[in-house]
Amino acid sequence: MSALRHEASLALAIARKDALAELRGRHAAVSTLFFAAVVLLLFGFALGPDAQRLADAAPGLLWLALVFAGVLAVNRLHLLETDDGALEQLALYPITRRAIYAGKAVGGFVVMLVLGLIVLGAVGILFAVDVAGAVLPLVATVVLGAVGIAAVGTFYAGVTVRLRAREVMLPLLMLPVLAPLLLGAVKATAAALSGDPFGELGAWLQLLVAYDVIMLVAGAATYGYLLED
Amino acid sequence: MPQTIYVSPRSLGAHDTRPPAVVTTDLARLFAGSPALAGVSLQVTAGRTIALLGPNGAGKTTLMRILATAIRASYGSAAVDGIDLGRDADRVRERVAYLSHGTGLYDDLTARENLAFAATLLDTPDRDARVERALSDVGLLERSADRVRDFSAGMRKRLALGRILLGSASLVLLDEPLAALDEDGMGLIEALLGAWRDVGVTVLIASHATERLEPFLDGRVVLERGLVADVSGDGVSSTPPTPPATRRPAVVAR
Amino acid sequence: MKTRILGAVALIAVAAMVLVALFVVPADLNQGDAQRIMYPHVASAWLGYLSFGVTAAAGIGWLWKRDMRFDAVALSAAEIGVVFTAFAIWGGMMWGDPVWGVMWQWEDPRLTTTALLLALYVGYLLLRHLTDDPERRATRAAIVGIVAAVDIPIVHFSVEWWRGLHQTATIGSPDRVLNPAAPMVFVGTLLGMLAAFTLAWVYLMIRRYQLARLEVEREEAARVERLMSRHETAEVAR
């Protein structure tokens with residue numbers, strides 16, 4: 001067990017390092033947030049001005065904005081490692097590949113969580129849905145969604161970090177795999193906002209949990225091969 | 001520049017009981033079909049300081065990257081301290097330190113933060129004290145709170161060397177350490193080579209020209225177009241590569 | 001030689017089953033003649049999924065054994081699978097138009113999952129195309145294939161849940177053909193089509209793999225050749 005705890009502390013050290021570098025000068029998190037805000041605005045233009053239609057579409061718009069912003073966020077977290085060959089150096093430490101993946105994914109999770117909570121609030125305001133009335137299930141959904149996006153995104157960001165046409169390939173690879181997460185998160189959000197009339201909230205949250213677990217395991221098992229060249 | 005540098009290798013044992021620091025057998029690596037390393041069979045005795053010479057593109061960096069476990073070989077095998085790279089790369093990583101062209105430092109972090117991060121990942125005992133000692137040993141204590149983004153190339157090199165001091169490697173690979181270093185930097189390299197020799201660390205230095213380092217070298221290997229062209233001095237020997245037999249196609253021996 | 005016989009048998013089997021599906025088997029009571037395309041559609045979809053499984057499994061083989069032949073299998077299965085998958089989607093849309101009134105139904109788990117499968121295939125093949133170094137390509141493709149393959153069952157279940165929770169069991173459901181209570185002649189035709197298509201798939205896999213393996217061997221020979229010429233020029237220089 002202590003080996004696992006050691007790995008966990010290594011992963012946290014990596015995440016902390018990413019957080020430090022982000023806060024220091026990359027202004028990355030802030031620009032991703034603004035990107036999400038712009039996406040929401042465009043949704044308003046595209047689907048509005050009918051308030052009812054926007055309110056009905058709000059869960060979908062929330063998660064679309066988060067998924068698109070997520071692509072940007074995980075991409076940048078990996079770009080941190082292009083500082084003078086940092087990723088190659090990172091792979092040379094005597095640490096498990098799993099710990100590197102976990103460290104990157106934790107960083108991604110924190111970014112997505114903060115992003116998700118802020119965008120949730122923004123959606124409540126922009127599309128007139130009652131977020132405050134269902135805070136607990138909505139936050140739970142955001143947490144689970146953030147884990148999934150981070151798990152999948154970290155993996156694919158690693159795959160594409162040195163790939164040609166990276167800007168297109170990252171979303172192309174990542175988004176289809178995120179489809180079940182998108183479905184589950186949107187359905188859970190919609191159920192939560194409408195007071196869960198069919199009692200389906202639990203089922204969707206379970207789907208998200210299963211998705212997160214499976215993707216984390218798959219990502220942790222395969223990420224290491226990327227570092228071997 | 002401090003006279004004594006703190007170097008803490010693993011307990012290495014007496015010279016004659018140690019396995020060769022490096023053994024490669026027909027080591028080859030191709031990139032997009034072109035051989036960077038074409039079949040190198042080398043043996044390096046433990047505790048020696050060996051120079052890898054040769055022009056650009058001779059394969060020095062590729063050889064080091066394979067030994068550092070940064071990349072895999074295409075053919076052949078290699079062992080560090082008797083541990084096979086193909087089978088046990090994780091254990092090899094614990095004992096090898098590599099100074100590459102890219103320093104792998106994070107621009108937005110300070111010198112101290114970069115080293116503290118490295119020390120955490122290297123599991124350096126007594127972390128904070130060792131970080132301070134390493135900063136002082138490489139002469140960057142006054143700049144320790146400055147971001148690496150503002151450092152010159154020479155300072156980055158020195159910080160990267162400081163990172164090596166935080167580990168306990170038995171094999172140190174220096175890829176073009178003299179490039180971009182000023183006089184102080186040169187003095188540091190010389191002090192490091194002395195300190196490493198004293199504790200029995202094996203050092204491989206890749207360089208275009210090493211006149212300055214001559215007094216520290218035990219042996220020299222000249223690489224040319226991916227093959228060993230010449231070997232001299234002691235502590236290193238090489239055998240001619242076996243011609244790649246018509247092996248069963250598509251089964252790549254690693 | 002044996003492969004050629006297999007190819008001929010597969011061709012005859014497919015042609016025969018197509019004729020059976022078009023002319024011999026009776027039309028469905030509710031869906032009419034449109035239902036006939038279900039036979040090749042289901043068979044193609046099945047092979048599309050099988051191919052992806054083979055791709056992922058071959059990827060695991062590469063990561064484990066580092067034998068390029070595994071990668072040749074993965075590539076072959078991916079290329080053949082994408083064709084079957086595309087055909088399955090087209091067939092599904094052709095069926096959907098007369099039966100559902102629309103070519104697409106979001107809550108049909110098979111159609112949406114198969115569409116996603118196509119997207120995964122395209123991503124996989126593009127990734128391969130964009131990576132030049134053979135070993136790096138094999139490794140990247142392998143891990144992407146594995147993660148995508150793991151995702152597919154989740155997609156299927158989630159879409160099924162989607163449909164189930166909304167309780168729209170339409171009469172025009174493609175599942176009717178797979179229903180064990182369906183008349184024997186329907187089930188028999190489907191199984192026959194499945195068998196014929198699978199034979200064709202095996203034939204195509206063998207041929208494609210042979211090509212891919214030749215490519216691998218050629219590449220390997222070229223690499224060995226380049227190494228040897230380095231040795232020779234060095235010898236001469238000595």
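**Chain B in a predicted model**

Chain B contains six helices and 12 strands, where helices (H or I, at least four residues) and strands (E, at least two) are DSSP runs numbered from the N terminus. Its radius of gyration is 18 Å, close to the 18 Å that the globule rule gives for 254 residues, so chain B is as compact as a globular protein of that length; the radius is taken over C-alpha atoms, and the rule is 2.2 Å times the number of residues to the power 0.38. This is a predicted model, in which local features need pLDDT of at least 70, side-chain atom pairs count only at pLDDT 80 or more, and totals for chains, interfaces and linings use all residues. Residues are numbered from 1 along each chain as its sequence is written, while chains are lettered from A and ligands numbered from 1 in the order in which they are written.

Overall form

- The C-alpha atoms of chain B fill a box of roughly 60 × 35 × 30 Å, taken along the principal axes.

Contacts within chain B

- Among contacts (C-beta atoms, placed from the backbone, within 7 Å) between residues of chain B at least 6 apart in sequence, 71% join residues at least 24 apart.
- Leu67(B), leaving aside its neighbours within four places in sequence, is in contact with Val22(B), Ala78(B), Val80(B), Val96(B) and Leu173(B).

The side facing chain A

- In chain B, 23 residues are in contact with 21 residues of chain A.
- Helix H2 (85–95) and helix H3 (111–122) of chain B each supply at least two residues of this side, and H3(B) gives the most, with five residues.

Terms used:
Contact = placed C-beta atoms within 7 Å.
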